[in-house]
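Let's take a friendly walk through this structure, with the sequence and the 3D view side by side.

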Amino acid sequence: MSAEAKVADAEVRTVPVVARVVPVIARWVGALSVALVLFSVLLLLKGANPITAYTGIWETTFLRSRPLQEIFVQMTPLVLGALAVAVPARAGLTNVGGEGQIIMGGVGACGASLFLGDTASGGVILGAMIVCAMLAGALWAGLAAAMRLVAGVNEAISTLLLNFVALDLLLFLIYQPWRESPTGQPATKELVDVAKLPVISGTQVNMGLVLAIGLAVVVFVVLTRTKWGFKISVAGGNAEAARRSGLNVPVLILSALLIGGALAGLAGMIQFAGVEYKLRASFGYQLGYTSFLACWLARHQPFPILVAAFVFAALSVSSDSLQLDAGVPAASIHVLTALILIAVLGFTAQRKKATA
Amino acid sequence: MSLFVDVLSGGVSGGTSIMYAGVGETVSERAGVINLGTEGSMLVGALGSYAVGVETGNPWVGVLAGAAAGGALALLHGYLVVRRGASQFASGLSLLFLALGLTSLFGATYVGQPVVGFDTWEIPLLSDLPVLGPVLFQHDPLLYLGYVLVPTVWFVLFKTRIGLLVRTAGERADSLTVHGYSVDAMRIGAVTAGGVLAGMGGAHLATAYANAWFENMVAGRGFIAVALVIFATWSPWRVLGGAYLFGCAIALGPALQARAFEINQFLLDAVPFVLTLAVLTVLGKRTLSASPAELKRVFENAPPSG
């Protein structure tokens, strides 16, 4: 660590934890309240009673065991998807490709399970699925990294476009080569029981949650306490300075994106082997974009990502209650999600000079 | 009709909504702002035009409403990124979610409702031409309006003072400030204009192309438009050609299936994205040099890492 970095690090540490945490909490509470009020107005316009809607959401989402567990199930891929944005962001890269990398992770996992069939033991299939999913996710992000390094193509654009290629690839596979039966909704064969992710005992929450929280800790340590983490943040801060001080910037860019892709691929594997068990047209729908926004809300920090992922998962689970208790379509919950994001994005950050 | 005519005609009518949105996004990006919320502007434009069309019975009033809705959403994006310094990607995606939610909330009552959409206007004489007639001149009036859109936007962007100011906001914002103009106003104006056009694209989709409203009906066309602008390297004319080209790629599948060819639609659906990626890779650094300078800064400015 350089002398300046040590000084900067020390400065951060001298600020008491409380002084750092309180504004963050205040920001969230403020944003949530503004969003809730605006959403109430819209519900009123639609003739629904916001009080009924909110108490319904509270009672059926947070006070019952099953929906609460469902929140933890749904936050798992969001945590990994958001970490997949956070690692490249540290190197100054914008990974908008979580959506495609998660789909590719699901495709990799499903491909591995189809290849091994019913004969292999559960452990072997699980292991193969994890490896293939992470490789597939890394490959998809690697395409964007290669395009950037070889042809100077911006990774925000290429990762975004690759999302749609991945989706079309998924649809191609489930409509023809991997389709289980020619009738009914196109889908792949269900994953064999022995290869499904085990659950935390006494719950319906799969082990992916433990893995995701563990990886959030690992990412935190790697980004803040290792040489590699320091190097990519230097490359992300000022590529020219990094080059002059002898860092291999292309390798750093490539590695940050590959790791991001692998994390998103793992999210796809967990969604496949822990939640959906088969690939359908809607596999992983919007997980990548939601993760991207969760990462933004968390300012690209691993531990706040856990909170943001929980909030988004809770919103998603509460959409059922919105439909049942308030009688408005489930997808309306996106309004509340978006309002929270807009409140946080627009009205809590210091005003910066245009762009960014 | 021959397969050839079928595909071309389908490409022109299916490509029109993408072309409107693509031309709008070109204006926005020329001023230095990328708007991933284009998909959202198209969605609110589609529902706005459809709902107002149903209520008033007049599709033209519907288009105005769709344009206004699309513009309003883009205005919010402009405000957030220009005045509040929000991330362009995060803001655009947030507004996409907002549009998905709003159109779901307010669109449910319009699912399955009949609308007085746009009729086909066969242009006298021209519509009788072989090939060109059915491909270009047997469509709805909103599509014909698209024919004059590109020359108009090109003229405004490249031959008028206001166009110069917009482009300067995207190329050398500082020199605009030096001359006493507001960069922020130019950018917000350009983004809003882009949203208006995306809203009209959505209106074409709902009230002329599909004649129906259903949830999430834009189905990625807004993102095709974003890809298209890069494919066309920020030229309105190439946006026009690219929109019809992408439209043809999408129309090819159904046309072949109607003739009992076994074809997997999804490989064709990927064509716009794969072509854009290919163009980016082949042109490489040359695409970057064609992009508005301030847009490059958007990409190079890393998100906060600490």
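How many nonpolar, polar and charged residues does the lining of the second largest pocket have? Keep in mind as you read on that the model is predicted.

## The second largest pocket

Sorted by class, the lining of this pocket has 27 nonpolar, 10 polar and 6 charged residues. The volume of the second largest pocket is about 1200 Å³. It is lined by 43 residues, and the closest to its centre are A:Leu167, B:Val218, B:Ala219, B:Gly220 and B:Arg221.

Which element gives the most to this lining? That is helix 7 of chain A (residues 155-175), with 5 residues.

## Where the chains meet

Now for the interface. In chain B, 62 residues are in contact with 55 residues of chain A. The two chains bury about 5400 Å² between them, and carbon and sulfur atoms give 71% of that area. B:Phe97, B:Leu105 and B:Phe266 together supply 14% of the area that chain B buries against chain A, more than any other three residues.

If you are looking for polar links, the count of salt bridges between chain B and chain A is 0, while 2 residue pairs are in polar contact, counting pairs with both residues at pLDDT 80 or more.

## The chain B side

Several helices of chain B give two or more residues to the side that touches chain A, among them helix 3 (59-83), helix 9 (183-209) and helix 13 (271-283). Helix 4 of chain B provides the largest share of this side, 15 residues.

By class, the side of chain B that touches chain A has 36 nonpolar, 16 polar and 10 charged residues.

Methods
Residues are numbered from 1 along each chain as its sequence is written. Chains are lettered from A and ligands numbered from 1 in the order in which they are written. This is a predicted model: local features need pLDDT of at least 70, side-chain atom pairs count only at pLDDT 80 or more; totals for chains, interfaces and linings use all residues. Side-chain values use heavy atoms; hydrogens and water are left out. Contact means heavy atoms within 4.5 Å. Buried area is the accessible area (1.4 Å probe) that two parts lose on being put together, summed over both. A salt bridge is a side-chain nitrogen of Lys or Arg within 4 Å of a carboxyl oxygen of Asp or Glu. A polar contact is a pair of N or O atoms within 3.5 Å; within protein, one must be able to donate a hydrogen and the other to accept it, and residues adjacent in sequence count only if both atoms are side-chain atoms. Helices (H or I, at least four residues) and strands (E, at least two) are DSSP runs, numbered from the N terminus. Ala, Val, Leu, Ile, Met, Phe, Trp, Tyr, Cys and Pro count as nonpolar, Asp, Glu, Lys and Arg as charged, and the others, Gly among them, as polar. On a 1 Å grid over the protein atoms alone, a cavity is a set of points where a 1.4 Å probe fits but cannot get out, and a pocket is an open set with protein on both sides within 12 Å along at least five of seven lines; lining residues have an atom within 4 Å of a point. Grid points are joined across faces, edges and corners, and a volume is the space filled by probe spheres set on the points.
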